Amino acid sequence: MYTHEDLGILQNRSLKLQGWIRQQTFSPGLEKQLRRFSSWEVAELIFRINQSTFRGKLAADPSLPAGEVEQEGRQRWFSLEEINELRRRLKINKRSLMPARPAGRRAVRAAVANFKGGAGKSTVALHFAHAAALDGYRVLVVDFDPQATLSHSLGLTDVSEEHTVWGIMARDLIRETERMNAGPVGAESGAALPQRHLPAAITELGLGDLRIGDFIKPTSWPTIDAIPSCANAAFVEFASAQYRHLNPDWSFFAAVSRYLDQIPDDSYDIIIFDCPPAIGYQSMNAVFAADILYVPSGPGYWEYDSTTSFIGQLSEALEDLSAGFDQTLPTGKISLPKAFYDVRFLLTRFETGNELHRAMQDAFRKVWGEHVTDNPVEMTRAVEQSGRFLNSVYEMDYREMTRETWRRARSTFDSAYEEFRQTVQDAWTQMEANQ
């Protein structure tokens, strides 16, 4: 028989070995470091120009970043900071290398969500974030999942629960309760409106005084920041239920959206949410704050069945929000009834030579039509290896395997990302039309 004490012993044993395990995944200093990118990658895969054109541009202007040449090598290797400086300064046939981004628009928010564990939500969120950063965009990722896979993949392992989504929600509860209590104390009837009281166990944590930037952490990628998660944040579902009881008028589902509204519009270009495999307080905050809903799914029948259930239950939950809450609530830049600019289904772990997978792809398209992406994420050896070591294929050095193996893995995410980028740009267009 095993009790909570035995589980605690197992956890302590794991904690003692965490440092060693991190060394196997990250650098010896327990800190994840972003590799440099070869001139071949920068020219052909990032800037999409000929290598000779790239070399000519560097030779013509000695003030441009020249990268580094490794010992016994001829290839130049560039940091992402150097790549972004080159992107800002270079023009190819009078064409800017800067990514498309309409002026005056806020960041587009994309939620990656589904019921099914193992559907590839964290993998998709991580690769989209990395691909967008290589594309020149500034990215914020928000990890809603207490499993914290995305946070760990970004090199964030020492995270306190106060600086997770739970902290954002508790901060919002305190501030919203204070706002309500500071409102009118009487109605035309003369009846006093109730004062809402929160226990000291919540108000004395100091969460209400946390600033916007206190939740945002830098990552090993200079143009990617994160609001991380941690295992201790798993209690957020229980805590949120208690918070709603303390203040039934609190619009809990808009807490993260209100927080994001306070970030200046030009701070980021794309915000990506990694959601837990359930519909709860955290996932409802994610989907309410999102402009785009991306639903990854494996290519099997049970994944299809689970995805169908997810869409149905999410529909009912959003309908309940729209019917159960006042439409004039301070929900900021996202309003009720909740609407997405687009909903997309992305097949993951796809094998082109698998007849069942191809049949399921046809079934997905028959059911959801144009909402199914054209390019699934294929299962390759490099993709499988990237997940095992908490890296994206963009972080993997192609010299550690055959270039063809690495390039095939990268191309599957490049194709999926290009569709994602188009969806983001379409959302900006609709956002502008709705102003």
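Predicted model: local features only at pLDDT ≥ 70, side-chain atom pairs only at ≥ 80, totals over all residues.
Which residues line the largest cavity? Residues are numbered from 1 along each chain as its sequence is written, and side-chain values use heavy atoms, leaving out hydrogens and water.

View 1. A cavity here is a set of points on a 1 Å grid over the protein atoms alone where a 1.4 Å probe fits but cannot get out, and lining residues have an atom within 4 Å of a point. Volume is the space filled by probe spheres set on the points, which are joined across faces, edges and corners. The count is 2 cavities of 30 Å³ or more, and the largest has about 90 Å³. Lining it are R106, A107, R109, L260, D261, I263, P264, D265, S267, Y268, I271 and K333.

**View 2. The second largest cavity.** This one holds about 40 Å³ of space. Its lining includes A113, N114, C275, M284, F310 and L314. Helix 11 (281-289) gives the most, with 3 residues, and helix 12 (301-324) also supplies at least two; helices are DSSP runs of H or I, at least four residues, and strands are runs of E, at least two.

View 3. The 3 strands run in the order 1-3-2 with antiparallel pairing, where pairing takes at least two DSSP bridges between two strands. Strand 1 (37-38) and strand 2 (68-69) are the edges, each pairing on one side only. Strand 1 meets strand 3 (residues 76-78) over 2 bridges, and S38 has W77 in strand 3 as its bridge partner.

How values were computed:
1 Å grid on protein atoms, 1.4 Å probe; cavity = no way out; pocket = protein on both sides within 12 Å on 5 of 7 lines; lining within 4 Å.
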